[in-house]
Amino acid sequence: PQEITLNIILITGASSGYGLETARHFHARGWTVIATMRTPREGLLPEGVQVLPLDVTDPASIGAAIEAAGPIDVLVNNAGIGLVGAFEAAPMDYVRKIFETNTFGTMAMVQAVIPQMRARRSGVIVNVTSSVTLAPMPLAAAYTASKQAVEGFSGSLAHEMAAFGVQVKLVEPGYAPTTRFAQNIDFSIEEMIPEPYADFARPIFAAFANPQLTTKESDVAEAVWLAAHDASDRLHYPAGPDAVALAKSG
């Protein structure tokens, strides 16, 4: 595919997992990297990476980060929180919190960068979703909903942005046991599996514990790299062997 020449990338949720690895990946290849996270930590990223505080659920925080960043060629919306368990047991206030970060946080960041990209008639928006959007997974209903919303949002937005030479891409990571997916939750997984669901959940958690194929952080960083450089109108970039297999079987 035809390559686009860009060199400044802003990544949300860069304190761990995919975001951290993507920041390292682009920095190692000579890009100017702006890594954002709710609580900036020293020594996390190589020297030369600009680290900014950013809470994607806070409009003032978004405004301050965008202003401090200056021009952005590529925005990677990676910040997200997970939830695993029976939907019956999911506290609705936590379901709303998932949407605030995964869905509305992504939308707010996109709205914040569109004006400069539209004015320059260049830029790439990469929204990181999940392989749960490629095939329905049990015990992930609220999380899936928050990511499916981003998939639909991105497909529609891609048409609007194409009129101004701006691209929208979806990176869909598979299951990555090494990330902190479930560590952002403030209650235990046990609470999320009420007794009537125990027999149903047991084999599913056993399969999670011993998956046939998994995704590494580097798979996602490489998919973001590909999406950022691909000038075609391709929308979907499954990341990791399990996500690629799901995308093919779908």
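Mentor: Contact means that heavy atoms lie within 4.5 Å. This is a predicted model, where local features need pLDDT of at least 70 and side-chain atom pairs count only at pLDDT 80 or more, while totals for chains, interfaces and linings use all residues. Residues are numbered from 1 along each chain as its sequence is written, and side-chain values use heavy atoms, with hydrogens and water left out.

Trainee: Which residues does Ser 131 touch, leaving aside its neighbours within four places in sequence?

Mentor: With those neighbours set aside, Ser 131 is in contact with Met 137, Glu 172, Pro 173, Gly 174, Tyr 175, Ala 243 and Leu 246. Ser 131 itself sits in the loop between β5 (124–128) and α4 (141–162). Helices (H or I, at least four residues) and strands (E, at least two) are DSSP runs, numbered from the N terminus.

Trainee: Why is Ser 131 called buried?

Mentor: Its relative accessibility is 5%, and buried means under 20% (exposed is over 50%, partly exposed in between; 1.4 Å probe, protein chains only). Ser 131 therefore counts as buried.

Trainee: What makes Gln 167 buried?

Mentor: Gln 167 has 14% relative accessibility, so it counts as buried. Gln 167 belongs to strand β6 (residues 167–173). A polar atom of the Gln 167 side chain lies 3.2 Å from the backbone oxygen of Ala 231.

Trainee: How far is Gln 167 from Tyr 143 in sequence and in space?

Mentor: Gln 167 and Tyr 143 are 24 residues apart in sequence, and 25 Å separates their C-alpha atoms.

Trainee: Why does His 159 count as exposed?

Mentor: The value for His 159 is 65% relative accessibility, so His 159 counts as exposed. His 159 is part of helix α4. Between His 159 and Ile 193 there are 34 residues in sequence and 41 Å in space, C-alpha to C-alpha.

Trainee: How do you know that Asp 199 and Arg 202 form a salt bridge?

Mentor: A salt bridge is a side-chain nitrogen of Lys or Arg within 4 Å of a carboxyl oxygen of Asp or Glu. For Asp 199 and Arg 202 the N to O distance is 3.0 Å, and their side chains meet in a salt bridge. Side chains of opposite charge can pair when their charged atoms come close.

Trainee: Where do Asp 199 and Arg 202 sit in helix α5?

Mentor: The two are three residues apart in helix α5 (residues 198–209), which means that about one helical turn separates them. Both Asp 199 and Arg 202 are exposed.

Trainee: How many salt bridges does the rule give?

Mentor: The count comes to two. Lys 216 also forms a salt bridge, with Asp 219, where the closest N and O atoms are 3.7 Å apart.

Trainee: Are Lys 216 and Asp 219 buried or exposed?

Mentor: Lys 216 has a relative accessible area of 48%, so Lys 216 is partly exposed. Asp 219 has a relative accessible area of 15%, so Asp 219 is buried.

Definitions and conventions. A polar contact is a pair of N or O atoms within 3.5 Å; within protein, one must be able to donate a hydrogen and the other to accept it, and residues adjacent in sequence count only if both atoms are side-chain atoms.
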